[in-house]
Amino acid sequence: MTRAGICRRRLLRGAGLAAAWTAAAAAIAMPRAAWAQGFPTRPLRLVVGFPPGGPNDILGRLVGEALAQRLGQPVAVENRPGASGNVATEMVAGAPPDGHTLLLVGPANAIYAALHPAPADRDVVRGIALVAGITREPLVMVVHPSVPATTVADLVALARASRITMASTGKGSSPHLTGELFRMMAGIDLAVVHYAGGGPALKEMIAGHAQVMFEPISAAIEPVRAGQLRALAVTTAARSDALPGIPTVAETIPGYEASAATGIGVPSGTPPEVIGRLNREINAALADPALAARLAAMGGGVLAGSPADFTAIIAGEITKWAKVVAVAGVTPE
């Protein structure tokens with residue numbers, strides 16, 4: 001064979017190999033793109049790390065119902081309480097990264113990350129890719145009606161003159177650290193009593209066994225409306241429409257702010273196309289006035305945005321609570 005023939009054969013062989021590689025790459029890429037476009041292919045589950053009936057459970061069911069309508073597949077809420085929500089987080093982190101298993105992400109995740117720092121190259125919430133925010137909710141400072149304080153300033157003065165007991169929903173919980181932040185910024189001492197969750201803590205507050213508590217507005221609003229507890233202030237920078245007339249803590253303690261940011265996450269490694277679809281549908285659901293009104297009735301404001309927006313919010317919460325954890329000397333249980 002001539003040199004020209006040999007060169008031509010090599011060229012054709014190279015072209016054939018290149019075409020084969022291109023076809024193989026397309027074969028790999030096409031199913032993923034087609035699969036993502038067809039998502040979801042079966043019912044979804046939304047894992048909530050707290051017991052049924054609480055504010056997290058109620059929020060999860062509201063969002064699950066709205067998301068099911070938009071995705072055309074049922075969304076079943078699965079309660080997996082334990083370890084301040086970490087049982088649910090680990091469960092979702094270990095699920096197949098196909099978008100069919102969702103996690104209700106909230107303050108407990110940010111606080112857990114603050115208590116257990118991860119390397120900088122890890123996920124903001126370990127094993128979880130953040131999809132979208134849902135709501136940002138104030139906590140409310142409540143006191144038992146027997147406490148002679150009708151303002152934040154009254155409570156600060158009372159705490160400086162006598163022993164005040166603060167109910168906590170658990171060591172390292174959002175209400176606990178929100179109270180620790182207040183204690184630090186007000187320059188007072190509070191005797192903290194930890195209970196096994198929000199329900200038991202509220203019962204003890206209503207019974208008068210503790211004097212002050214910080215609790216998400218969605219959980220505390222009914223006892224406040226019933227006169228079982230007195231609301232002194234909300235913890236967000238702005239006042240809440242759910243409790244009109246109640247001031248912010250910052251009006252007495254400048255710079256004070258705390259809130260409960262909640263959203264949705266999926267296992268790390270979930271395809272970006274699926275995360276994008278979930279994000280679009282969640283934001284579309286939040287744009288529905290009916291859902292927004294139901295969230296507002298619970299005291300929360302809509303927290304729409306991109307996956308990057310929600311990731312930045314949770315990263316900021318981790319940084320904030322890490323400082324409180326360090327100063328207050330809070331350690332993991």
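This is a predicted model: local features need pLDDT of at least 70, side-chain atom pairs count only at pLDDT 80 or more; totals for chains, interfaces and linings use all residues.

Visitor: What makes the contact between arginine 42 and aspartate 98 a salt bridge?

Guide: The closest N and O atoms of arginine 42 and aspartate 98 are 2.7 Å apart. A salt bridge requires a side-chain nitrogen of Lys or Arg within 4 Å of a carboxyl oxygen of Asp or Glu. The pair therefore counts as a salt bridge. By this rule the count comes to ten salt bridges.

Visitor: Where in the chain do arginine 42 and aspartate 98 lie?

Guide: Arginine 42 belongs to the loop between helix 1 (3–37) and strand 1 (44–48), and aspartate 98 to the loop between helix 3 (86–93) and strand 3 (101–105). The two residues are 56 residues apart, and their pairing links distant parts of the chain.

Visitor: Why is arginine 42 called partly exposed, and why is aspartate 98 called buried?

Guide: Buried means under 20% relative accessible area, exposed means over 50%, and partly exposed lies in between. Arginine 42 has 38% relative accessibility, so it counts as partly exposed. Aspartate 98 has 12%, so it counts as buried.

Visitor: How do you know that glutamate 180 and arginine 183 are separated by about one helical turn?

Guide: Both residues lie in helix 6 and are three residues apart, which means a separation of about one helical turn. Glutamate 180 has a relative accessible area of 8%, so it is buried under the 20% cut-off.

Visitor: What separates glutamate 281 from arginine 277 along helix 9?

Guide: Glutamate 281 and arginine 277 are four residues apart in helix 9 (residues 272–286), therefore about one helical turn lies between them. Their closest N and O atoms are 3.0 Å apart, and the pair forms a salt bridge. Glutamate 281 and arginine 277 are both buried.

Visitor: Which residues are linked in a network of salt bridges?

Guide: Such a network links Arg45, Glu78 and Arg80.

Visitor: How do you know that strand 1 and strand 2 pair?

Guide: Pairing requires at least two bridges between the strands. Five bridges join strand 1 to strand 2 (residues 75–79), so the two strands pair, and they run parallel. Valine 47 stands opposite glutamate 78 in strand 2. From strand 1 the chain passes through helix 2 (residues 55–71) to strand 2 in a right-handed β-α-β crossover.

Visitor: What makes strand 1 and strand 3 a pair, and why is strand 1 called mostly covered?

Guide: Three bridges connect strand 1 and strand 3 in the parallel sense, and at least two are needed. The strands therefore pair. Leucine 46 has leucine 102 in strand 3 as its bridge partner. As to cover, four of the five residues of strand 1 are buried.

Visitor: In which sense do strand 5 and strand 6 pair?

Guide: Strand 5 and strand 6 (residues 191–194) pair in the parallel sense over four bridges. Alanine 167 stands opposite valine 193 in strand 6. The chain crosses from strand 5 through helix 6 to strand 6, and this β-α-β crossover is right-handed.

Visitor: How do you know that the buried residues of helix 7 line one face?

Guide: The buried residues of helix 7 (residues 198–206) are Ala201, Leu202 and Met205. Viewed down the helix axis, they fall within an arc of 95°, so they line one face of helix 7. They pack against strand 4, strand 5 (165–168), strand 7 and helix 8 (217–225). Just after helix 7, glycine 208 takes a positive phi of about 85°.

Visitor: Why is helix 4 called mostly covered?

Guide: Seven of the nine residues of helix 4 are buried, among them Pro107, Asn109 and Leu115. Their cover includes helix 3, strand 3, helix 6, strand 9 (259–267) and helix 11.

Visitor: Which residues touch the most other members of the largest nonpolar core?

Guide: In this core of 33 residues, they are Met141, Leu155, Phe182, Leu190, Val212, Tyr256 and Trp321. Elements that each supply at least two residues of this core include helix 4 (107–115), strand 4 (128–143) and helix 11 (307–328). A second, separate core of 30 residues includes Leu46, Leu102, Leu278 and Leu286.

Conventions: Residues are numbered from 1 along each chain as its sequence is written. Side-chain values use heavy atoms; hydrogens and water are left out. A nonpolar core is a set of buried Ala, Val, Leu, Ile, Met, Phe, Trp, Tyr and Cys residues joined through side-chain atoms within 4.5 Å. Buried means under 20% relative accessible area, exposed over 50%, partly exposed in between (1.4 Å probe, protein chains only). The arc is that of the directions from the helix axis to the C-beta atoms. Contact means heavy atoms within 4.5 Å. A crossover is right-handed if, with the strands pointing away from the viewer, the path from the first strand over the helix to the second runs clockwise.
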